[in-house]
Amino acid sequence: MDRRFAAQAEMLANRLRKNERRLKPWRQREEVTCYRVYERDIPEIPLAIDRYESRLHVAEFARPWAPGPHQEEGWAEALAQAAAAALGVAPDAVYLKRRERMKGLRQYERQARTGERFVVREGGLGFFVNLADYLDTGLFLDHRLTRQEIRGLAAGSRFLNLYSYTGSFSVYAAAGGALSTTSVDLSATYLRWSADNLAQNGFTGPEHQFVQADVEEYLDRAAHAGARFDLVVVDPPTFSNSKRLETVFDVQRDHPGLLRAVRRVCAPGGIIYFSTNFKKFELEAEAVAGLAAAEISDRTRPPDFRDARIHRCWRIELPG
């Protein structure tokens, strides 16, 4: 251990052991094996630490305006190894990332190309994660309870997953007895990952569709084709400037039009779950005019997350 960081390393280790003890009864009761064990609890240690069974994913949050040890070379590595020691994780099973503040049209890019995937368990289901190659891992832990809600509603439904990422909502819907699932994403990589996740849980066949498309273009085609869905998850990025798109998507500006388009493919009595991680987001009244909309952010935030706005989530119901 670098002596420069020993004091902070000890502070972090003590907090991690405390958090582990606090979370243990809940983890055992709910059979949770992937969870957040530290989330910037100590202001001087701006890290988020997630445990994926026998591995740790450590994200360092850049704070260039706040001078301190975290700006020194080797700080994050030293603190990550202290975390591993405190939690009994092997030193070579720690994955360290750095989250910068995104400005303008910048977006996070791929970190590596190891292809290193492994399966973790959640809710009795298996999911492939990759802790090395991307800033995100393939499984958003903060939506664990939202996924459970989807499973509870899915029986007999036609399920649509927009901005589907690696398809975890589709897996939960299939596990809940959905008649069909449709996962829509612009990324072929994520759609293959989605198919692998469904297959990992025994869900294969033509009733599970994977569509590579811009979401708004897909919704337009689906509406004209008369497609109808009973249960929809809409979890868009805060913004997207993909090279495949002619315009930049901005969730605050564009969500009313997006939700109007979703409504066109919903069956009577359909249910939409809309979520965003944009902390300053405000749902426009026009986006849900004539619908029963309730914010459910508090009930969908799991107990291992300290940030009350780790995501915002609404349940929106169409008239029957």
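Is R192 buried or exposed? R192 is exposed, with a relative accessible area of 52%, where exposed means over 50%, buried under 20% and partly exposed in between, for a 1.4 Å probe and protein chains only. The residue belongs to helix α5 (residues 188-200). From R192 to S168 the distance is 12 Å in space, C-alpha to C-alpha, and 24 residues in sequence.

The structure is a predicted model, in which local features need pLDDT of at least 70 and side-chain atom pairs count only at pLDDT 80 or more, while totals for chains, interfaces and linings use all residues. Residues are numbered from 1 along each chain as its sequence is written, and side-chain values use heavy atoms, with hydrogens and water left out.

**Overall form**

The protein has seven helices and 15 strands; these are DSSP runs numbered from the N terminus, helices being H or I of at least four residues and strands E of at least two. Its radius of gyration is 20 Å, close to the 20 Å that the globule rule gives for 320 residues, so the protein is as compact as a globular protein of that length. That radius is taken over C-alpha atoms, and the rule is 2.2 Å times the number of residues to the power 0.38. Along the principal axes, the C-alpha atoms fill a box of roughly 65 × 40 × 35 Å. Of the 320 residues, 53% count as buried. The accessible surface comes to about 15000 Å², with 48% of it belonging to carbon and sulfur atoms; the areas come from the Shrake-Rupley method with a 1.4 Å probe.

**The seven-stranded sheet**

An open sheet of mixed pairing is formed by seven strands in the order β9-β8-β7-β10-β13-β15-β14; two strands pair if DSSP finds at least two bridges between them. Its edge strands, β9 (208-212) and β14 (292-295), each pair on one side only. From one strand to the next the twist averages 15 degrees. Strand β8 (residues 180-185) pairs with β9 in the parallel sense over five bridges, and D185 stands opposite Q212 in β9.

| Helix | Strands touched | Angle between directions |
|---|---|---|
| α3 (residues 144-153) | β7 (158-162), β10 (229-234), β13 (266-276), β15 (312-317) | about 170 degrees with β13 |
| α4 (residues 168-175) | β7, β8, β9, β10 | about 170 degrees with β7 |

**Helix α6**

In helix α6 (residues 215-224), the buried residues are V215, Y218, L219, A222 and A223. Seen down the helix axis, they fall within an arc of 130 degrees, so they line one face of α6; the arc is that of the directions from the axis to the C-beta atoms. These buried residues pack against β7, β8, β9, β10 and α7 (251-264). After α6 comes G226, whose phi is positive, near 80 degrees.

**The β5-β6 hairpin**

Strand β5 (residues 118-122) runs antiparallel to β6 and is joined to it by five bridges, with R121 opposite G126 in β6. The two strands form a hairpin with two residues between them, and G123 in the turn has a positive phi of about 60 degrees. In β6 (residues 125-129), five of five residues are buried. L125, F127 and V129 point one way from β6, and G126 and F128 the other way. In a regular strand the side chains alternate between the two faces of the sheet.

How values were computed: Axes fitted to C-alpha atoms, helices over the stretch in contact; angles between N-to-C directions. Contact = heavy atoms within 4.5 Å.
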